[in-house]
Amino acid sequence: MIRRFMLALLVCVLGAWPACRERAERPAQVPRQVHVGMRSRNIRVLILSQVNEFQVRIDGPYVVRNPATGVLGKGSELPWSKVSRSTGDFTVGDRRWTAGTIDIVPEEGTRILISRPEGGKWSSPIAYAGFIRCPRRTATTMNVINVVDIERYVAGVLARELYADFQIETYRAQAVAARTYALWQMATNAHRAYDVRATEASQVYGGIPTGPAARKAYDAVVHTRGIVCTWTSPQGERIFCTYYSSACGGRTQAVSDMLDVEDITPLAGGVQCNYCRIAQRRTSAYRWGPASVSKAELTRRLARRFPSARSIGTVDRIEVASRAKSGRPARIRVIGTNGRQKTLRAEQFRLAAGARVMRSSDCEIVNGPSHIQFTHGKGFGHGVGLCQWGMEGQALLGRQAGQILKFYYPGMHLTRAY
Ligand SMILES: [Zn+2]
């Protein structure tokens with residue numbers, strides 16, 4: 001009964017009832033709490049991996065500090081300055097310090113601009129909120145991590161993960177999924193120097209949102225602030241890893257078909273979705289192929305990702321070793337010219353072969369004399385959990401963010417984490 005009341009309230013606050021829609025600009029009130037083990041509201045996003053140098057600019061007061069020992073230097077503003085690593089030291093502009101990690105921290109509310117080396121030039125700058133942490137990797141390299149409030153991070157993800165003309169309900173559903181995914185990664189990766197990468201390896205993040213998507217991104221973040229996806233696990237109400245991909249192609253995949261984990265109700269797959277068909281208007285995310293990769297190139301790519309794959313020599317042919325319940329390949333066998341073979345999860349194989357060549361594992365494989373061809377492809381991405389194009393397809397039909405999330409994560413609840 002209480003559950004039913006809360007669900008009604010939830011549906012109401014997410015705008016399913018016309019009376020509530022008028023108040024849509026007000027943040028949603030979700031009357032439940034879940035403990036997600038947050039130690040901080042800041043998420044650590046790896047924006048540059050193992051670089052020797054980058055450029056930074058801050059139009060206001062800032063400090064450079066060693067997180068272990070305190071302030072190293074400060075200034076009233078930092079014009080474009082090179083940050084580099086050499087012989088174990090950090091250099092910022094013309095100042096140099098010996099440290100394992102430095103933080104470059106602008107005054108609250110001041111953004112920090114970053115530009116990285118790109119083909120002999122400096123890339124277009126990207127603006128970040130929060131601050132920049134540079135832990136050493138080697139004597140001459142460092143990682144560059146943006147430490148930023150999670151809500152600001154989610155806004156930066158939305159602006160990169162979605163098209164600017166997507167529906168506001170799509171932005172809201174994506175905000176809840178992106179926030180939950182981030183919190184899950186924060187809880188799982190606490191022992192690491194960063195929680196997520198700024199790329200498709202986690203969620204695409206481009207710093208402070210700009211352009212036409214920014215307004216929708218902020219609206220969605222404000223409206224859903226602190227709201228996450230949870231499920232009733234045997235241990236109680238818990239968040240889960242809200243996987244999502246560009247388009248499922250017609251049916252979602254079980255998480256156990258992608259990773260060595262047990263299925264949980266919201267990620268058990270098998271959700272029939274033809275809403276992502278709308279992607280056809282714009283991209284080859286719903287149906288794709290043929291696409292091909294040469295056996296020589298595939299050999300190199302496999303060896304780079306899986307050093308043990310070198311034992312098979314050059315790739316001779318590819319076979320589907322087993323299929324998932326959904327019918328898509330679950331495991332792929334790679335057979336070398338020396339007769340040896342290696343079996344990989346289809347998703348691992350796909351990422352090694354190239355996520356833009358083999359846009360999903362749901363395809364047919366044709367072995368040619370010099371190339372491997374992928375045909376009759378369905379969907380784009382791993383197909384587990386939320387289908388982004390399907391989410392937009394449903395929003396266009398008038399569905400609300402909460403309804404859309406429940407469709408792709410069956411059995412999930414919207415819960416307030418903070
Ligand atoms: Zn779909």
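**View 1. Three strands in the order S20-S25-S24 make up an open sheet with antiparallel pairing.** Keep in mind that this is a predicted model. Strand S20 (291-294) and strand S24 (364-367) are the edge strands, each pairing on one side only. From one strand to the next, the twist averages 20°. Helix H7 (residues 295-305) packs on this sheet, where the helix touches S20 and S25. The direction of H7 makes about 75° with that of S20.

**View 2. Here we zoom in on the pairing of S24 with strand S25 (residues 371-375).** These two strands run antiparallel and are joined by four bridges. To find your way, look for asparagine 367, which stands opposite isoleucine 372 in S25.

**View 3. A hairpin links strand S16 (residues 227-233) to S17 through two residues.** S17 covers residues 236-239, and its pairing with S16 is antiparallel, over four bridges. A handy pair to spot is tryptophan 231 and, opposite this residue in S17, arginine 238.

**View 4. Another hairpin takes the chain from S3 to S4 through three residues.** Strand S3 (residues 62-66) runs antiparallel to S4, and five bridges join them. One of the partners to look for is glycine 70 in S4, the bridge partner of asparagine 66. How many of the six residues of strand S4 (residues 70-75) are buried? The number is zero, so S4 lies largely in the open.

Note on methods: Residues are numbered from 1 along each chain as its sequence is written. This is a predicted model: local features need pLDDT of at least 70, side-chain atom pairs count only at pLDDT 80 or more; totals for chains, interfaces and linings use all residues. Two strands pair if DSSP finds at least two bridges between them. Axes are lines fitted to C-alpha atoms, for helices over the stretch in contact, and angles run from 0 to 180 degrees between N-to-C directions. Two residues are in contact if their C-beta atoms, placed from the backbone, lie within 7 Å. A residue is buried if 20 or more other C-beta atoms lie within 10 Å of its own, exposed if 12 or fewer, and partly exposed in between; C-beta atoms are placed from the backbone.
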